[in-house]
Amino acid sequence: MSLGPSELILNADGSIYHLNLLPGDIAPVIITVGDPDRVAQVSRYFDHIEIRKGKREFLTHTGTLNGKCLTVISTGIGTDNIDIVVNELDALANIDFASRSIKKQFTRLDFIRIGTSGAVQPEISVDSFVLSEFAIGLDGLQYSYKGDRKEEHDLIGDFVAQTDWAPQKARPYLTQSDAVLAEIFASNRIRFGGTVTNTGFYGPQGRALRLPISDTVLLSKWTAFEHHGRRIFNMEMETSGMYLLSNLLGHRAVSLSCILANRSTDTFSNNPDNAIDELIRYTLQKLTACTLKPKL
C-alpha cells in the first residue's frame with residue numbers, strides 16, 4: 001500500500017518533513033536530547049561528524065566514536081515532539097520513500113535518551129543519574145495508537161487509586177525500557193527506578209506560580225506511591241512516549257536522566273552543565289564499550 005502525500009510528508013529534496021533528514025543520514029543507534037544546544041555537547045566527543053542538519057528544534061549530528069556510528073538528535077520538549085521524532089526516524093529506517101511503501105525487511109533502531117529530570121524521593125541527590133526501568137505516561141499518547149496492550153497492568157490500577165487520579169484527566173499508562181539495552185548502562189553510578197512523564201512543566205508537575213493548581217499534594221502522592229516494591233524516582237516530559245512508540249514499532253529504548261532538582265528537598269544543582277556533561281560522557285563510554293548491532 002502506498003502512503004499518500006498527506007500521510008508521509010516529504011520536503012522538496014526528498015527528506016522527511018520535520019526532521020529534514022534523508023534515509024542515509026541516521027545511524028542505527030540514536031541518542032536523543034531535548035535541547036538543540038545539547039546536540040553539540042554530545043557530538044563534540046565524536047571522532048568524526050559526517051552529517052549536520054537541522055530544522056526548527058530538530059538538530060541532528062551523525063558521526064562515529066571509537067568505530068561506532070551514532071546519531072544524536074534534539075527532540076524539543078514533550079511527548080508531542082517525541083511522537084514526531086520517533087515516527088519520522090522509524091520512517092527513515094523502514095519506509096521506502098521512492099515507492100512510499102513499508103519495507104519488507106525491518107531495521108531496528110536503538111534509542112538512548114539523555115535528559116534532565118527532577119527527583120521525587122528525598123534520598124536521590126541532585127547531580128545523580130536515574131535510568132527509567134518503567135514510565136507512567138500521563139500524556140494520553142497511548143490511546144491514539146492500536147497495540148497489544150493485553151490487560152492493563154495492575155500497577156496502573158494502584159497508581160490511580162493511590163494518587164486519587166482525577167477521572168477527567170487522561171488515564172495513565174505503563175511503558176517499559178528495553179531490559180537488554182538498560183543492562184548496558186548498569187553500574188553503581190546509576191539508579192534504576194520508575195519515572196512519571198508529565199504533560200507540562202508547571203501545574204502538571206505541581207509547580208504553582210500565578211495560577212493555582214488543582215492538586216496541591218501531587219508530589220507527596222508520587223513520593224508515597226509503591227507497588228510491590230516499585231517506586232517513582234523522578235519525573236520529566238518525554239520518556240513514556242519514547243518507550244511506548246519504540247515498543248509498538250519494534251525498536252529498543254532506554255531513558256537516562258541527570259537529576260538537576262529534588263522536589264522533595266527543594267534543592268537544585270549548583271553546576272547543572274557539569275552534571276549533564278558527566279551523564280553524556282558516561283553514556284558514550286558505555287555505548288562504545290559494547291557492541292550494538294541492529295537486527296535486520
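Colleague: Which side chain does a polar contact join to that of Thr 195?

Modeller: This is a predicted model in which local features need pLDDT of at least 70 and side-chain atom pairs count only at pLDDT 80 or more, while totals for chains, interfaces and linings use all residues. Residues are numbered from 1 along each chain as its sequence is written, and side-chain values use heavy atoms, with hydrogens and water left out. Thr 195 lies in strand S10 (residues 190-197), strands being DSSP runs of E with at least two residues and helices runs of H or I with at least four, numbered from the N terminus. A polar contact (a pair of N or O atoms within 3.5 Å; within protein, one able to donate a hydrogen and the other to accept it, with residues adjacent in sequence counted only if both atoms are side-chain atoms) of 2.6 Å joins Thr 195 to Asn 234.

Colleague: Is Thr 195 buried or exposed?

Modeller: Buried means under 20% relative accessible area, exposed over 50%, and partly exposed in between (1.4 Å probe, protein chains only). Thr 195 has 0% relative accessibility, so this residue counts as buried.

Colleague: Which residue meets Arg 113 in a salt bridge?

Modeller: A salt bridge places a side-chain nitrogen of Lys or Arg within 4 Å of a carboxyl oxygen of Asp or Glu. Arg 113 is buried at 5% relative accessibility, and its partner at 3.1 Å (N to O) is Glu 238.

Colleague: Where does Asp 277 lie, together with Arg 281?

Modeller: The side chains of these two residues, Arg 281 and Asp 277, form a salt bridge of 3.0 Å, N to O. They are four residues apart, about one turn, and both lie in helix H7 (residues 272-288).
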